[in-house]
Amino acid sequence: MYDISLLLRTELPAWPGDFTFEKEPIKSIEGNSHCNTARLSMSSHYGTHVDAPYHFEPEGLTLERLDLNPFVGPVLVHEVDTPRLIQPRHLPDLAGVERILFKTPNSRFVADRVFHPDYTAVGLEAAQVLVQAGVKLVGIDYFSIEAYKAEGHPVHHEFCSHGVIILEGVDLRQVPPGVFELIALPLKIEYGDGSPVRAILRDL
């Protein structure tokens, strides 16, 4: 089993301008000081997380309305050694592939304490091929599936408008290319646009 979730900690950077992770210990609730509890605060798109279609499409499904099947099942971990945009020529044979995670040069710095704007992302043409192939979930080893400051966010719109689940911030440093079982369930948040997940891979 591979845990491909990033550790939620204050040192993990957030998307520039977004909310970081904060954990405030609370020693007493209504006079009960016999247990440990805490108040958590973070962006819905912090660390290892999923984007619901509603994230970029006003009419897209929110988290609590999503079919859970795309979040669990066989997934192809596909390694790509390109420094910037994943293009159609970098894609594998997609016959029968419903879920794909891209392991890229991002894995070198996915857990760093600083944000890297020059990460590898999925290009629009590749996104269109993935949608046409019927892929239901696409993931990548950094905080966005799309290039930093991409004008108009065309890749997010391509996936979200077709109901494709986006899984971002997966930690694939220890994972070899191949086919695994993915389990990456989001929290059941009312009107949710995204959610942190505990994502794991298991050998089939």
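User: Which residue in β10 is the bridge partner of His49?
Analyst: Glu168 is the partner of His49. Keep in mind that this is a predicted model.

User: Which residues of β10 are buried, and on which sides?
Analyst: Ile165 and Leu167 are buried on one side of β10. Ile166 and Glu168 are buried on the other. Both faces of the strand are covered.

User: Switching to helices. At what angle do α1 and α2 pack?
Analyst: About 10°, with the axes 9 Å apart. Angles under 35 degrees count as roughly parallel, so α1 and α2 are roughly parallel to each other.

User: Which residues make that contact?
Analyst: From α1, Leu124, Ala127, Gln128, Leu130 and Val131. From α2, Pro154, Val155, Glu158 and Phe159. They split into 7 nonpolar, 1 polar and 1 charged.

User: What about the largest nonpolar core? How many residues?
Analyst: It has 23 residues. Those with the most contacts inside it are Ile100, Phe102, Val122, Leu130, Val138 and Phe159.

User: Which elements supply it?
Analyst: β7, α1, β9 and α2 each supply at least two residues of this core. Helix α1 gives the most, with 4 residues.

User: What does Val122 touch, leaving out residues up to four places away in sequence?
Analyst: Its contacts include Leu85, Ile86, Phe102, Ala127, Val155 and Phe159. Glu146 is also among them.

User: Which residues are in the second core?
Analyst: That separate core of 21 residues includes Ile4, Ala52, Val170 and Leu201.

Terms used. Residues are numbered from 1 along each chain as its sequence is written. This is a predicted model: local features need pLDDT of at least 70, side-chain atom pairs count only at pLDDT 80 or more; totals for chains, interfaces and linings use all residues. Side-chain values use heavy atoms; hydrogens and water are left out. Axes are lines fitted to C-alpha atoms, for helices over the stretch in contact, and angles run from 0 to 180 degrees between N-to-C directions. Angles under 35 degrees count as roughly parallel, over 145 as roughly antiparallel, 65 to 115 as roughly perpendicular and the rest as oblique. Contact means heavy atoms within 4.5 Å. Ala, Val, Leu, Ile, Met, Phe, Trp, Tyr, Cys and Pro count as nonpolar, Asp, Glu, Lys and Arg as charged, and the others, Gly among them, as polar. A nonpolar core is a set of buried Ala, Val, Leu, Ile, Met, Phe, Trp, Tyr and Cys residues joined through side-chain atoms within 4.5 Å. Buried means under 20% relative accessible area, exposed over 50%, partly exposed in between (1.4 Å probe, protein chains only). Two strands pair if DSSP finds at least two bridges between them.
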